[in-house]
Amino acid sequence: MSDITRRDSLRLLAGGAALMGLGGATISQNLMAETLDADGNEKSALIVVDVQNDFVPGGSLAVGGGHEVVPIINALSKHFKNVVITQDWHNPGHASFASSYPGKKPFETTELFYGTQVLWPDHCVQGTKGAELVDGLDIPHAQLIIRKGFHPDIDSYSGFFEADQKTPTGLQNYLKERGITTLYVVGLATDFCVAWTAMDGVKSGFTVSVIEDATRAIDLNGSLANAWNAMETKGVARIQSSKVLA
Ligand code: VGL
Ligand code: ZN
């Protein structure tokens with residue numbers, strides 16, 4: 001184990017102790033992390049979330065500095081044998097689009113059967129240029145591209161479960177069948193699809209880190225701070241790319 005990984009493991013263990021009151025799962029997951037290496041480990045996977053044209057400058061739901069994650073993710077990907085890419089993939093007229101509701105504007109909310117839904121500009125419509133992965137993303141060894149958000153009435157920020165928290169994408173079982181236990185999550189946007197994917201990863205039994213400098217946020221009404229609070233409470237580790245790239 002490299003020094004870097006050992007430091008992370010110790011930090012993860014400390015995090016587990018702090019969360020002792022929240023139940024045993026986090027602690028045993030963190031103990032497991034001690035025995036794993038990020039680098040090329042068969043049991044680790046890099047999850048690259050929604051690095052798509054609509055989420056970078058020039059796109060319909062551009063995330064500030066979104067394009068800046070691309071070279072960092074390309075470099076990180078060389079350290080992982082297993083890479084999975086997610087792709088937001090909405091039908092035209094999707095329930096998460098403001099344009100689907102007369103009188104509603106982007107970034108307002110509405111109530112859907114599973115709770116409050118932020119209404120977005122039309123984005124990542126199936127088959128459009130905006131839905132394509134960003135050109136500079138260079139991960140030829142990525143093993144799976146998982147699409148989400150294609151149920152007309154349900155949004156899906158998470159790569160694991162749609163926003164009803166029940167409809168699975170299949171990613172959990174794919175990773176489990178591959179023997180993967182540890183996830184490193186990067187991409188766009190930190191406070192929506194990255195955060196939900198990371199938290200559902202923990203819920204699905206994986207040890208999860210978000211590599212902060214390989215993400216960028218939308219930050220809507222404090223959503224970035226809220227997302228980090230929620231992630232850290234649920235046992236997601238917050239690390240920087242230097243820990244993997246070193
Ligand atoms: C996302 C809002 C709507 C994301 C996707 O990738 O974070 N955000 N759809
Ligand atoms: Zn979306």
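**Pockets, cavities and the sheet**

Q: Let's start with the largest pocket. What is its lining like by class?
A: The lining of the largest pocket has 7 nonpolar and 4 polar residues, with no charged ones. Keep in mind that this is a predicted model.

Q: Which residues line the largest pocket?
A: The lining is F107, T109, Y114, T116, Q117, V118, Y157, A163, W196, L220 and N221.

Q: And which strand gives the most to that lining?
A: Strand β4, residues 115-118, gives the most. It supplies 3 residues.

Q: What volume does the pocket have?
A: The largest pocket comes to about 210 Å³.

Q: OK, cavities now. How many of 30 Å³ or more are there?
A: The structure holds 2 of them.

Q: What classes make up the cavity's lining?
A: There are 10 nonpolar, 3 polar and 3 charged residues around the second largest cavity.

Q: Switching topic. What's the strand order in the open sheet?
A: The sheet has 6 strands, in the order β5-β2-β1-β6-β7-β8. Their pairing is parallel.

Q: Which strands are at the edges?
A: β5 (144-148) and β8 (237-239). Each of these pairs on one side only.

Q: By what angle are neighbouring strands turned?
A: On average, neighbouring strands of this sheet are turned by 25° against each other, direction ignored.

Q: Zoom in on β6 and β7. How many bridges join them?
A: 6 bridges do. β6 covers residues 182-188, β7 covers 207-216, and the two run parallel.

Q: What's the bridge partner of L183 in β7?
A: L183 has V208 as its partner there.

Q: Which strands does helix α3 lie across?
A: Helix α3, residues 69-77, lies across β1 (44-49), β2 (82-88), β6 and β7. Against β7, the helix runs at about 140°.

Q: Last topic: confidence. What's the mean pLDDT?
A: The protein's mean pLDDT is 88. Residues with a value of 70 or more make up 84%.

Q: Where does pLDDT stay under 50?
A: Over residues 1-36. For that stretch, the model has 48 contacts beyond four places in sequence.

Key. Residues numbered from 1 in each chain as written. Chains lettered and ligands numbered in written order. Predicted model: local features only at pLDDT ≥ 70, side-chain atom pairs only at ≥ 80, totals over all residues. Heavy atoms only, no water. 1 Å grid on protein atoms, 1.4 Å probe; cavity = no way out; pocket = protein on both sides within 12 Å on 5 of 7 lines; lining within 4 Å. Points joined across faces, edges and corners; volume = space filled by probe spheres on them. Helix = DSSP H or I, 4+ residues; strand = E, 2+ residues; numbered from the N terminus. Nonpolar A, V, L, I, M, F, W, Y, C, P; charged D, E, K, R; others polar. Pairing = 2+ DSSP bridges. Axes fitted to C-alpha atoms, helices over the stretch in contact; angles between N-to-C directions. Contact = heavy atoms within 4.5 Å. pLDDT = per-residue confidence, 0-100.
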